[in-house]
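Reader: I would like to learn how to read the features of a model such as this one. Please show it, and then take the features in turn.

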Amino acid sequence: MTSEKQQKKIAVINDLSGYGRCSLTVVIPILSALKIQCCPVPTSILSNHTGFPTYFFDDYTEKMPKYIEQWKKLDLSFDGIYSGFLGSEAQIQIVIDMIKEFSLPDTKVIIDPIMGDHGKAYETYTPLLCSRMKELVGYGDIVTPNLTEACILTGREYRKDGWKRAELIRMASEIQQMGPEEVVITGVTEGGFITNVVLQKDGTGHFLRSLRVGRERPGTGDVFSSIVAAQAVKGVPLTAGVKKAADFVKRCIIKSDQLNVPRENGVCFEELLSVLIRS
Ligand SMILES: Nc1ncnc2c1ncn2[C@@H]1O[C@H](COP(=O)(O)OP(=O)(O)O)[C@@H](O)[C@H]1O
Ligand SMILES: Cc1ncc(COP(=O)(O)O)c(C=O)c1O
């Protein structure tokens, strides 16, 4: 039997979106399937994700310090701290304080610098929040921007494709210079492939390609980064974690298309959770 001591736990700072499969409704089941205890800190509560034409958005900034205060009193610490969608610029400092407060020497900090997709920032992301995200990135061990977010972080103009590999490595290296040990730029189009650009601690770059399948769907970044975070706290090398995450997302997209899941409803990962449980 797995004792409390052996089981890993990750504090997950992310939003709760009631409909559309992203953020906490994705992260909690995926970490659980990978046998990791998920401890959520909500950054905001939404009726549904912001990709729908209408949504209710309740920013949780004021409540977070009181919530976290109780964790301090309980003297909690975590094997991983993983941050995703933030509700306001002030939350950057709250996350930085949490990293300082709840880390042990071996704690892995995974920052998914969620800001936008397809070359555009999400509606709730102000330019100030985007510019302060660079500060938070500096506290990560692993940072997982998509191509849009990598462009925002490094001040480049977004383009969908036609990126030279040397330029992608330069971009990852500029992000690494902000402080994180390792960087993964996700969702890079290379012909019929989708590539994850991995820059390791020692400066080695890898291009991990998968066949591009089906349609783009929201929430794939959350599925991907959850698996990368889980593998990292288990001590699995980053390239192996990225391969596992990319393979799972690909299977989820294929399944979602087979089941005619509407695009805005994300990926029906529930159908494939047993694959993760057995892995
Ligand atoms: N259509 C697709 N076909 C195959 N893999 C995909 C596809 N879309 C996403 N993925 C995988 O999921 C990862 C994360 O997706 P991405 O779209 O970059 O995230 P985000 O939601 O943060 O924009 C990609 O790097 C890739 O490995
Ligand atoms: C509220 C919210 N959280 C998280 C996300 C992130 O989703 P993804 O995994 O596609 O980056 C989105 C994207 O629309 C969102 O609206």
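Author: This is a predicted model. Start with helix α5, residues 147-154, which is mostly covered: seven of its eight residues are buried.

Reader: Which residues of α5 are buried?

Author: They are L147, T148, E149, A150, C151, L153 and T154.

Reader: What does the secondary structure of the whole chain come to?

Author: The chain has nine helices and 11 strands. Of its 279 residues, 52% are buried.

Reader: How does the radius of gyration of the chain relate to that of a compact globule?

Author: The idea is to set the value against a rule based on chain length. For 279 residues a compact globule would have a radius of gyration near 19 Å, and the chain has 17 Å, which agrees. The C-alpha trace spans about 50 × 40 × 40 Å along its principal axes.

Reader: What share of the contacts with a separation of 6 or more comes from residues 24 or more positions apart?

Author: Such residues account for 67% of those contacts in the chain.

Reader: How much accessible surface does the chain have, and what part belongs to carbon and sulfur atoms?

Author: The accessible surface comes to about 12,600 Å², and carbon and sulfur atoms hold 52% of it.

Reader: Now the backbone. What should I expect of phi?

Author: Most residues other than glycine have a negative phi. Against that background, K35 has a positive phi of about 65° although it is not a glycine. N260, also a residue other than glycine, has a positive phi near 55°.

Reader: Where do K35 and N260 lie?

Author: K35 is in the loop between α1 (24-33) and β2 (37-46). N260 is in the loop between α8 (238-258) and α9 (273-278).

Reader: Why does K35 count as partly exposed, and why does N260 count as exposed?

Author: The relative accessible area of K35 is 47%, so K35 is partly exposed. N260 counts as exposed because its relative accessibility is 66%, and the exposed class begins over 50%.

Reader: How is a pair of aromatic rings described?

Author: By the distance of the centres and the angle of the planes. The structure holds seven aromatic pairs. One of them joins Y19 and F52, with 6.0 Å centre to centre and 50° between the planes, a tilted arrangement. This pair links distant parts of the chain, 33 residues apart: Y19 is in the loop between β1 (9-17) and α1, and F52 is in the loop between β2 and β3 (57-59).

Reader: Are Y19 and F52 buried or partly exposed?

Author: Y19 is partly exposed at 45% relative accessibility. F52 has a relative accessible area of 14%, so F52 is buried. Another pair is W71 and F78: the ring centres are 5.2 Å apart and the planes at 40°, so this pair is tilted. W71 and F78 are both buried.

Reader: Which residues do ring pairs link into a cluster?

Author: The cluster consists of Y67, W71, F78 and F102.

Key. Residues are numbered from 1 along each chain as its sequence is written. Chains are lettered from A and ligands numbered from 1 in the order in which they are written. This is a predicted model: local features need pLDDT of at least 70, side-chain atom pairs count only at pLDDT 80 or more; totals for chains, interfaces and linings use all residues. Side-chain values use heavy atoms; hydrogens and water are left out. Helices (H or I, at least four residues) and strands (E, at least two) are DSSP runs, numbered from the N terminus. The radius of gyration is taken over C-alpha atoms; the globule rule is 2.2 Å times the number of residues to the power 0.38. Buried means under 20% relative accessible area, exposed over 50%, partly exposed in between (1.4 Å probe, protein chains only). Contact means heavy atoms within 4.5 Å. Accessible areas come from the Shrake-Rupley method with a 1.4 Å probe; for residues, only the protein chains shown count as cover. Rings of Phe, Tyr and Trp (its six-membered ring) pair if their centres lie within 6.5 Å; planes under 30 degrees apart count as stacked, over 60 as edge-to-face and the rest as tilted.
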